[in-house]
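Trainee: I would like to learn how to read a structure feature by feature. Please give the general idea and then the case at hand.

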Amino acid sequence: MKEFIPDRILFGGGSIPRRLPVVDHYAGIERFMYKALELQANMDGAFDVTLDFEDGSLSGNECEQIQLIAAVLNDGDYLHGRVGIRIHDASSNFWRLQCEHTIRAGLRPPAYVTLPKVTGVAQVKTVAAYIAELCEQAGMQQRVTLHVMVEDLGVLGELEAIVRLPEVECVSFGLLDYVSSFAGALPMSLINSPNEFASPIINDVKVRISTLCQIHGKVASHSLCSELKDAQVVTAHAARAFNELGFRRMWSIHPDQIEPILKASRPEQVLIERAVQILVLAHAEGWAPIRHDNQLHDRASYRYFWGVLKAAYASAIELPECTRPLFASVRNKEDSHVGAH
């Protein structure tokens, strides 16, 4: 992840809240993979694409899926943004092969590896160590990060230890498997939006994930919305995940869900404008306290408004040219929506 100028100044060596693209879009079938990559290019990389080993192939076709994803991941005609992979869980015989065929010298590595059905910290360490070994063998200077999925009740006791691992960048919540892990004690109706937001048990694990991620500078990713086509339902679902529970990322399983999720994540324009005014002035004053609209602002409020701007950036909002110095560490290709007029 890039470190921007205000990150270093405002957080003073503490855990800097990470920002990833707001949408994590899954595709496991070849035509859906290429459709997602084409849309990603058309939207200037506004969302991540995750090529799915786990749900993308029928049992018995795992080796064919490995060859397919390795080819798609290195198809230069389609790659214009961040593309990750979701491997099988660590109890499978295939996860090592899936990593080996995508993380090797001469190939474009995935932006991240997502590990589903995590059972404990030892398991995550095993997968992380293997990925690090492959990166070293490939001569990669930048290591592939690990995203983990919380999908089982039994992992809660080790959740903080998992979040603290330096290799872990993002923690996702998988609703369907989590409900299933209660063996009938929770109704399956909870998987339908907005029912899950009314369940204290489901909200409890979500709050744990988002809070621990915030403490340790990681990204909390919310599970999918069961509604595929109704944009209003998807937007409302995502808005609750972001605004009520503190998540900063969400799964998408259909292209029609991408824009509603992005819309829900975007700060209001008036708040963005205020953040721009305050932070540009603070930057000019060397981050000393300032007065804006007869109100005093210091580094506490700067951190809040910097979060607003980073949220706008992550959701592909075009920011004015005057904010470019704040995003100075972003390469030209990655900051096309900052001052792009």
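Mentor: Start with a loop: Pro194 lies in the one between α7 (175–180) and α8 (200–216). Helices (H or I, at least four residues) and strands (E, at least two) are DSSP runs, numbered from the N terminus. This is a predicted model, in which local features need pLDDT of at least 70 and side-chain atom pairs count only at pLDDT 80 or more, while totals for chains, interfaces and linings use all residues. Residues are numbered from 1 along each chain as its sequence is written, and side-chain values use heavy atoms, with hydrogens and water left out.

Trainee: Which residue does a cis peptide bond join to Pro194?

Mentor: Ser193; omega of that bond is about 5 degrees.

Trainee: What else is in the loop between α7 and α8?

Mentor: Ala183 is placed there. Phi of Ala183 is near 55 degrees, a positive value in a residue other than glycine.

Trainee: Is Ala183 buried or exposed?

Mentor: Buried means under 20% relative accessible area, exposed over 50%, and partly exposed in between (1.4 Å probe, protein chains only). Ala183 has 71% relative accessibility, so Ala183 counts as exposed.

Trainee: Where is Asp293, and what is its phi?

Mentor: Asp293 sits in the loop between β9 and β10 (295–297). Its phi is near 50 degrees, again positive in a residue other than glycine. Asp293 is exposed, at 63% relative accessibility.

Trainee: Which residues does Pro289 touch?

Mentor: Contact means heavy atoms within 4.5 Å. Not counting residues up to four places away in sequence, Pro289 touches Leu296, His297, Asp298 and Tyr302. Pro289 lies in the loop between α11 (269–284) and β9 (290–292) and is exposed, with a relative accessible area of 55%. Its C-alpha atom is separated by 9.9 Å from that of Ala300, 11 residues apart along the chain.

Trainee: How should I read a nonpolar core?

Mentor: In soluble globular proteins, nonpolar side chains tend to be buried together. A nonpolar core is a set of buried Ala, Val, Leu, Ile, Met, Phe, Trp, Tyr and Cys residues joined through side-chain atoms within 4.5 Å. Here the largest has 75 residues, and those with the most contacts inside it are Leu51, Ile87, Val124, Ile131, Leu146 and Ile209. Helix α5 (residues 121–137) gives the most to this core, with eight residues. A second, separate core of 21 residues includes Leu279, Trp287, Trp306 and Leu309.

Trainee: What surrounds Leu51?

Mentor: Leaving aside neighbours within four places in sequence, Leu51 is in contact with Ala27, Met33, Ile69, Val72, Leu73, Val83, Gly84, Ile85 and Arg86. Leu51 belongs to strand β2 (residues 48–52) and is buried, with a relative accessible area of 0%.

Trainee: Which residues does Ile209 touch?

Mentor: With residues up to four places away in sequence not counted, Ile209 touches Val150, Leu159, Val171, Phe173, Ala220 and Phe247.

Trainee: How many helices and strands are there in the protein?

Mentor: There are 12 helices and 10 strands. The radius of gyration is 20 Å, close to the 20 Å that the globule rule gives for 341 residues, so the protein is as compact as a globular protein of that length. That radius is taken over C-alpha atoms, and the rule is 2.2 Å times the number of residues to the power 0.38. Of the 341 residues, 51% count as buried.
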